[in-house]
Amino acid sequence: MNATADFRSDTVTQPTEGMRAAMAAAPLGDDVFADDPSVNALQEKIAAMLGFEAALFMPTGTQSNLCGILAHCQRGDEYIVGQLAHTYRWEGGGAAVLGSVQPQPLSHQPDGTLALADIEAAIKPDDAHFAKTRLLTLENTWGGKLLPFAYVQAATALAASKGLSRHLDGARLFNAATAQAAQNGTDVYAEARAIAACFDSTSVCFSKGLGAPIGSALCGGRDFIARAHRIRKMAGGGLRQAGMLAAAASYALDHQVVRLGEDHALALRLAEGLRGIQGLEVEAPQTNIVFVDLVGAARERSNALQDHLKAQGVLITGLYRLRFVTHLDVDAAAVDRAVASVRSFFAA
C-alpha cells in the first residue's frame with residue numbers, strides 16, 4: 001500500500017524540492033532587528049500583492065489574527081464575528097483572554113455570511129453600559145465556502161459607515177480568490193487583491209493551501225502594522241533568523257497559488273465519488289474542503305468509519321462532521337482510494 005493519504009488538513013503538506021532549495025539559499029539576518037532580508041522581502045511582496053502599505057510575518061494564523069484584533073481594539077472594546085469563525089471559536093479565545101476584547105458572535109447564514117441586519121443590530125450605542133463596538137471580522141473562505149463578493153463589499157461598507165474597522169481572516173484567501181477567479185474568468189492575484197481591498201487588515205496563511213511549512217502574514221496600514229508589531233513581541237512572536245521560513249512562504253506565493261484549482265477539482269472528484277452512498281450526505285465543495293454528514297442509522301458509525309479509513313491508510317477529521325481537505329500532497333489516486341475505502345465500509 002502506498003503512503004498514507006492524509007485528508008485531515010491542507011496544513012499537513014511537505015515542502016516541495018523547489019521550496020526546500022529556496023529555503024536553503026535564503027539570505028538571513030535577525031528579524032528582531034528588522035534586518036533579515038528574506039523576511040523583509042516577503043513582507044513587501046505580500047503587502048504589495050494585496051494592496052496594503054505594510055505587512056508583518058507571523059509564526060501562525062492564530063497569532064496573526066490576535067495581533068490584528070488587538071491592534072484595532074482596546075480593552076473593553078468588542079468585535080463582531082461569526083459564531084463558527086476561527087477568530088471566535090477555534091483560536092482559544094485569545095482576544096478576550098489576552099486583550100480583554102469582547103467578541104459579539106453572530107449566527108452564520110447557510111452560505112457562511114453574517115446577515116447585514118444582524119451586523120447592524122449588533123453594533124452597540126455609545127453608552128457606558130456597553131462595550132464599544134470597534135471591529136467587524138469576516139472569514140473567507142469559511143468552512144471551504146466562498147463568501148459572495150457582492151456580500152463582502154456590502155458588509156464591509158456597512159461596517160465602515162458605522163465607524164467600524166474591518167479585518168479579514170484570509171487564512172485561505174487564495175483559495176477564495178481561485179474560486180472567484182474561476183467564476184469571473186479573471187486572474188487569481190487580482191481577485192485576492194479585490195477581496196483584500198474591502199478590509200483595513202487581512203491575515204493570510206502560507207501553511208494551509210499554499211504548502212509552506214509555517215507562517216502567516218498580517219497586512220494593513222503602516223501605523224496599524226507598527227501597533228501589531230509591538231503586540232507580536234508581547235505574544236512571543238519575535239523571530240530571529242526567520243528568513244528560511246519566509247523564503248518558503250515567498251516561494252509558495254510565486255509557484256503554488258496558481259495550482260490551487262487542482263485541489264478544488266480533486267475535492268469535487270471526491271464529493272462526486274461519495275454521492276449515492278446510503279447513510280451519507282455530501283456537501284458540494286466550493287474550494288478544497290468536503291464535508292460529509294452521516295445520517296439515519298449511520299450516525300452512530302462515525303468513529304468506526306474513521307477507524308476503518310485509518311486502517312486503509314486514509315486519514316480524515318470528524319469532530320462535528322467528517323471533513324476531507326485536498327492539497328498538493330494528495331492526488332487523484334489518493335482521492336479514489338478514499339472513495340473506495342468509504343464505499344467498502346458501507347458495503348460490509
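Keep in mind that the model is predicted.

Let's start with the open space. The largest pocket has a volume of about 880 Å³. Its lining counts 32 residues, and the ones nearest the centre are His86, Trp90, Gly143, Phe291 and Arg323. If you sort the lining of this largest pocket by class, you get ten nonpolar, 13 polar and nine charged residues. Which parts of the chain build the lining of the largest pocket? Helices α3 (61-72) and α4 (86-90) and strand β10 each bring at least two residues, and α3 gives the most, with three. On the domain level, domain 1 (17-256) and domain 2 (259-347) each contribute at least three residues to the lining of the largest pocket.

The second largest pocket holds about 310 Å³ of space. It is lined by 13 residues, with Leu70, Leu98, Gly99, Ile231 and Met234 closest to its centre. Helix α3 turns up here too, supplying at least two residues of the lining of the second largest pocket, as do α5 (94-99) and α10 (222-234). The largest share comes from α10, with four residues. By class, the lining of the second largest pocket splits into eight nonpolar, two polar and three charged residues.

Searching the whole structure turns up two cavities of 30 Å³ or more. The largest cavity contains about 90 Å³ of space. Of its 14 lining residues, Ala85, His108, Thr137, Leu138 and Glu139 lie nearest the centre. Strands β3 and β5 each supply at least two residues of that lining, and β5 gives the most, with three. The lining of the largest cavity has six nonpolar, six polar and two charged residues.

The second largest cavity has a volume of about 40 Å³. Its lining includes Ala171, Arg172, Leu173, Phe174 and Asn175, along with Cys205, Lys208, Gly209, Leu210 and Leu260. Helix α8 (residues 173-184) gives the most to the lining of this second largest cavity, with three residues. By class, the lining of the second largest cavity comes to six nonpolar, two polar and two charged residues.

On to the charged side chains. There are 15 salt bridges in the count. One of them pairs Glu78 with Lys124, where the closest N and O atoms are 2.8 Å apart. Glu78 sits in strand β3 (residues 77-82) and Lys124 in the loop between α6 (116-122) and β5 (132-139), so this pair ties together parts that are 46 residues apart in sequence.

Another salt bridge joins Lys145 and Glu283, with the closest N and O atoms 2.7 Å apart. This pair links distant parts of the chain, 138 residues apart: Lys145 is in the loop between β5 and α7 (149-161), and Glu283 is in the loop between β9 (280-282) and β10 (289-294). Lys145 has a relative accessible area of 12%, so it is buried; Glu283, with 24%, is partly exposed.

Finally, have a look at the backbone. Most residues other than glycine have a negative phi, and most peptide bonds are trans. Where does this chain depart from that? The peptide bond from Asn140 to Thr141 is cis, with omega near 5 degrees, and Thr141 lies in the loop between β5 and α7. Ala34 is not a glycine, yet its phi is positive, at about 60 degrees; you'll find Ala34 in the loop between α1 (17-25) and α2 (37-50). Ser100 also has a positive phi, near 55 degrees. Ser100 belongs to the loop between α5 and β4 (102-106), and its relative accessible area of 28% makes it partly exposed.

Note on methods. Residues numbered from 1 in each chain as written. Predicted model: local features only at pLDDT ≥ 70, side-chain atom pairs only at ≥ 80, totals over all residues. Heavy atoms only, no water. Salt bridge = Lys/Arg side-chain N within 4 Å of Asp/Glu carboxyl O. Buried < 20%, exposed > 50% of the residue type's maximum accessible area, 1.4 Å probe, protein only. 1 Å grid on protein atoms, 1.4 Å probe; cavity = no way out; pocket = protein on both sides within 12 Å on 5 of 7 lines; lining within 4 Å. Points joined across faces, edges and corners; volume = space filled by probe spheres on them. Nonpolar A, V, L, I, M, F, W, Y, C, P; charged D, E, K, R; others polar. Domains from an automatic or database assignment.
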